[in-house]
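I set down here what I looked up in this model, entry by entry.

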Amino acid sequence: MAKALEGVRILDFTHVQSGPTCTQLLAWLGADVIKVEKTGSGDITREQLRDIPGVDSLYFTMLNHNKRSLTLDTKSARGKAVLERLVKHCDVLVENFAPGALDRMGFTWERIQELNPRMIVASVKGFGPGPYEDYKVYENVAQCAGGSASTTGFDDGPPLVTAAQIGDSGTGLHLALGIVAALYQRKSTGRGQRVLAAMQDGVLNLCRVKLRDQQRLARTGVMQEYPQYPHTKFGSAVPRAGNASGGGQPGWILKCKGWEKDPNAYLYFIAQAPVWKEICKAIGKEAWITDPHYATPDARLPRLMEVFAEVERWTLTKTKFEAMAELNKHDIPCGPILSMEELAAEPSLRATGTVVEIDHPTRGKYLSVGNPIKMSDSPTEVRRSPLLGEHSDEVLKEIGFDESEIRALRNEKVI
Ligand code: COA
């Protein structure tokens, strides 16, 4: 079956995590992604966090599926000539170099437009234009600079980073959307354009509910659904809210049966207003249905911790799965805390291709997260990541080099 982005050629100049997540998504949607890597060493993640000596790391393999790899020394004159042909051959150039690196290589926006006016040039940078635009950035820097760390964690502890890679993978996702939109716009304009996704902006976008709260706090001086209320005085900035929900329905993480030994025997419970009666019945607190101190969402706000403690008395009698099944009988939303071990073994995730087993020539079998976007007319087959330079000859032939020219490039260590 044809794929949504079939026929789109991506010149993939990305490395580490943020850019590769973007181009992997595009590859899963059917684009031909040609990953250009440094001759001899390749993407630095090939050797980072290795679990098998001499074998591409899981870090690399899980971010570079369905791509082709071409090695190229883009700082040499002959390498630049190859790159020029690739710019003419492709539709999109994606890069996440440190600021200015592409210009220093000689591939400014103006030069790329001369070579191929239809080319879309898409970049991840740490910061957008402004005082920090020249700075290099990694995941946790973006989480800190984008507002996530200051609003994550408990009130009495330090700022916390989150395991979800919202700075890298989150920004890669934003960039992929920008690229697809630019390809769509090119249909009518015939022109390429620049697409920029800054990691600080991407994280702030994902934290927009906290900017919402900042303004509520400035206006009212209090946020009644936060665990600080009504006992602690609020400061001028949005505080860390522990496990409180970011939305309009209060929630908290509660212990379940076995929590003493199992660090993940917990359940996220949501005191959703429309099912309050069902909640009261499920936990055996029918009196709360009519008690004016508990009957309405506003009345419950100063007592949320008391409500959660009472629900926890009930969840402690059940495993997280028993509690989930019981609450869902009454349409009460809740979330068991699933470990990576549990997710890796979950048959329904294997069945949908969200978790896939891949075979790799030097690593053998490993698990990866497949394409989280499911499309009925563009199904995803996850193919293993390329070995370093595996497709150099193939790609060079496609752009017009013959065997002897390729040999010369190899002898000169350009590829
Ligand atoms: N051939 C020759 N040289 C190459 C090359 C190739 N195929 N590919 C890259 N290079 C060169 C670059 O031109 C650059 O040279 P220069 O500094 O002399 O101009 C050099 O390699 C280093 O590239 P750079 O991107 O600066 O890597 P770094 O290891 O110093 O920094 C980051 C890594 C991630 C901090 C930086 O790339 C960055 O801030 N990127 C933007 C934000 C981002 O995506 N961060 C998240 C990463 S998960």
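I looked up the crossing of α1 and α7 and noted that it is right-handed, a crossing being right-handed if the near helix is turned clockwise from the far one by less than a right angle, and left-handed if anticlockwise. The model is predicted, so that local features need pLDDT of at least 70 and side-chain atom pairs count only at pLDDT 80 or more, while totals for chains, interfaces and linings use all residues. Residues are numbered from 1 along each chain as its sequence is written, and side-chain values use heavy atoms, with hydrogens and water left out.

I then took the geometry of the pair: the axes of α1 (residues 18-28) and α7 (residues 169-189) come within 7 Å and cross at roughly 45 degrees. That makes α1 oblique to α7, because angles under 35 degrees count as roughly parallel, over 145 as roughly antiparallel, 65 to 115 as roughly perpendicular and the rest as oblique. Axes are lines fitted to C-alpha atoms, for helices over the stretch in contact, with angles from 0 to 180 degrees between N-to-C directions. Helices (H or I, at least four residues) and strands (E, at least two) are DSSP runs, numbered from the N terminus.

A polar side-chain atom of serine 18 is 2.9 Å from a ligand oxygen. For threonine 74, a polar backbone atom lies 3.1 Å from a ligand nitrogen.

I last checked the backbone for exceptions. Most residues other than glycine have a negative phi, and most peptide bonds are trans. Leucine 49, not a glycine, has a positive phi of about 55 degrees; I placed leucine 49 in the loop between β2 (32-37) and α2 (58-61). The peptide bond from tyrosine 229 to proline 230 is cis, with omega near 0 degrees, and proline 230 sits in the loop between α9 (208-220) and β7 (251-255).

Definitions and conventions: A polar contact is a pair of N or O atoms within 3.5 Å; within protein, one must be able to donate a hydrogen and the other to accept it, and residues adjacent in sequence count only if both atoms are side-chain atoms.
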